[in-house]
Amino acid sequence: MASNMFGFFVIVAIISPALVSAKDFIVGDDKGWTTNFDYQTWAQGKDFRVGDRLVFQYPVGAHNVFKVNGTGFESCIKPALTEALTSGNDAIVLATPGRKWYICGVGQHCAAAGQKLFITVNSEWMAPSPYPSPNSANGIISKSFPTAMIVLFTVSILGL
């Protein structure tokens, strides 16, 4: 039993750096998701990564959040109302790298009051690998299994 627990803690120690490196970004910081705020200045210099979360905080009913494409962002074109996030504490996991655009679809909040955000999401944080890179002579692949697979594997091995 003690050796099983030791193995579990070794696995946790290996994968925990990847788990801790994801960040939550409160959009607009203490101002939250509101009108007449420069979200592009707010986003400047921030390193958004796959796995991070954007959290849009606002009074329920006062605003909403739509994920849009570049054209929708530039022209403040909102999608169907059914696609709106409206909880007042909307968390969006940044699941893929690339450009992401968000707008408020209430009244003229996007077009007249600048309530829109554009960010670029970079590749996910990678924990340092204890294995050689794929380019090394022995060809061992260093990418870790997704966290869920490691946890499932550990649980099955240890019988937890």
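**Pairs, links and cut-offs**

Visitor: Which residue in E5 is the bridge partner of Gln57?
Guide: In this predicted model, Gln57 has Asn89 of E5 as its bridge partner. Phe56 has a bridge partner in E5 too, namely Asp90.

Visitor: What makes E3 and E5 count as paired strands?
Guide: Pairing needs at least two bridges. E3 and strand E5 (residues 89–93) are joined by five bridges, so they count as a pair. The two strands run antiparallel.

Visitor: Why are E1 and E5 called edge strands?
Guide: The open sheet has three strands in the order E1-E3-E5, with mixed pairing. E1 and E5 each pair on one side only, and they are the edge strands. From one strand to the next, the twist averages 20 degrees.

Visitor: What makes E4, E6 and E7 count as paired strands?
Guide: Strand E4 (residues 66–68) and strand E6 (residues 98–103) share three bridges in the antiparallel sense. E6 also pairs with strand E7 (residues 116–122), over six bridges and again in the antiparallel sense. Among the residues involved, Lys67 stands opposite Tyr102 in E6, and Gly98 stands opposite Val121 in E7.

Visitor: Why is the contact of Asp24 with Arg53 called a salt bridge?
Guide: Side chains of opposite charge can pair when their charged atoms come close. The limit here is 4 Å between the nitrogen and the carboxyl oxygen. For Asp24 and Arg53 the closest N and O atoms are 2.9 Å apart, which is within that limit, so the name applies.

Visitor: Where in the chain do Asp24 and Arg53 sit?
Guide: Asp24 is in strand E1 (residues 24–26) and Arg53 in strand E3 (residues 53–57), 29 residues apart.

Visitor: Are Asp24 and Arg53 buried, exposed or partly exposed, and how do you know?
Guide: Buried means under 20% relative accessible area and exposed means over 50%. Asp24 has 48% and Arg53 has 31%. Both values lie in between, so both residues are partly exposed.

Visitor: How many salt bridges are counted?
Guide: Two. Asp47 and Arg49 form one of them, with their closest N and O atoms 3.0 Å apart. Asp47, at 25% relative accessibility, is partly exposed.

Visitor: What makes the link of Cys76 and Cys110 a disulfide?
Guide: A disulfide is a covalent bond between the sulfur atoms of two cysteines. The cut-off is 2.5 Å. The sulfur atoms of Cys76 and Cys110 are 2.0 Å apart, so the pair qualifies. The angle about the S-S bond is -70 degrees, and the link is left-handed. Cys76 lies in the loop between helix H3 (70–75) and E5, while Cys110 lies in the loop between E6 and E7, 34 residues apart.

Visitor: Why are Cys104 and Cys110 called buried?
Guide: Cys104 has 2% relative accessibility and Cys110 has 4%. Both values are under 20%, so both residues count as buried.

Note on methods:
Residues are numbered from 1 along each chain as its sequence is written. This is a predicted model: local features need pLDDT of at least 70, side-chain atom pairs count only at pLDDT 80 or more; totals for chains, interfaces and linings use all residues. Side-chain values use heavy atoms; hydrogens and water are left out. A salt bridge is a side-chain nitrogen of Lys or Arg within 4 Å of a carboxyl oxygen of Asp or Glu. Helices (H or I, at least four residues) and strands (E, at least two) are DSSP runs, numbered from the N terminus. Buried means under 20% relative accessible area, exposed over 50%, partly exposed in between (1.4 Å probe, protein chains only). Axes are lines fitted to C-alpha atoms, for helices over the stretch in contact, and angles run from 0 to 180 degrees between N-to-C directions.
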